[in-house]
Amino acid sequence: MATYKQIACLIGREKNSRLVGKILANASYYGHYPCHRVVNFQGRLVPGWFEQKELLEKEGITFKDNHHVDLKKHQWKIKSNIDEIHQILDFYIQNYFNHI
């Protein structure tokens, strides 16, 4: 599980959490990605996206309540290849702005 802010920080856009959310909302245009694993800083699920909770439950994610993931238990600790993550997210950002 990651937060929009974590992803924004990874790409050097610490103040653009909402932009990350908009890009992920349109990610299905570019392929199949695990966008259901991204939540807000409180662990809140996307309002109106009922499948998100089902997908997370199938992966063994636990919840504090009906609408919040237990981030203390499941939040992603960034230990991956940061350069690869930057390339992937930059691709999404560029393609997002090309479709506006």
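Six nonpolar, four polar and four charged residues make up the lining of the second largest pocket. Keep in mind that you're looking at a predicted model. So where does the empty space come from in a picture like this? Rolling a probe the size of a water molecule over the atoms shows where empty space is left.

**The second largest pocket**

- The volume here comes out at about 290 Å³.
- Its lining has 14 residues, and the closest to the centre are Tyr4, Ser17, Arg18, Asn40 and Arg44.
- Two elements, α1 and α2 (17-25), each give two or more residues to this lining.
- Helix α2 hands over the largest share, with four residues.

**The largest pocket**

- Over in the largest pocket, there's about 450 Å³ of space.
- Count the lining residues and you get 15, with Ile7, Pro34, Val38, Trp76 and Leu89 the closest to the centre.
- If you're tracing elements, α1 (4-10) and α5 (82-98) are the ones that give two or more residues to the lining of the largest pocket.
- Four of the lining residues come from α5, and that's the largest share.
- Sort the lining of the largest pocket by class and you find 14 nonpolar residues, one charged and no polar ones.

**Putting the two together**

Definitions and conventions. Residues are numbered from 1 along each chain as its sequence is written. This is a predicted model: local features need pLDDT of at least 70, side-chain atom pairs count only at pLDDT 80 or more; totals for chains, interfaces and linings use all residues. Side-chain values use heavy atoms; hydrogens and water are left out. On a 1 Å grid over the protein atoms alone, a cavity is a set of points where a 1.4 Å probe fits but cannot get out, and a pocket is an open set with protein on both sides within 12 Å along at least five of seven lines; lining residues have an atom within 4 Å of a point. Grid points are joined across faces, edges and corners, and a volume is the space filled by probe spheres set on the points. Ala, Val, Leu, Ile, Met, Phe, Trp, Tyr, Cys and Pro count as nonpolar, Asp, Glu, Lys and Arg as charged, and the others, Gly among them, as polar.
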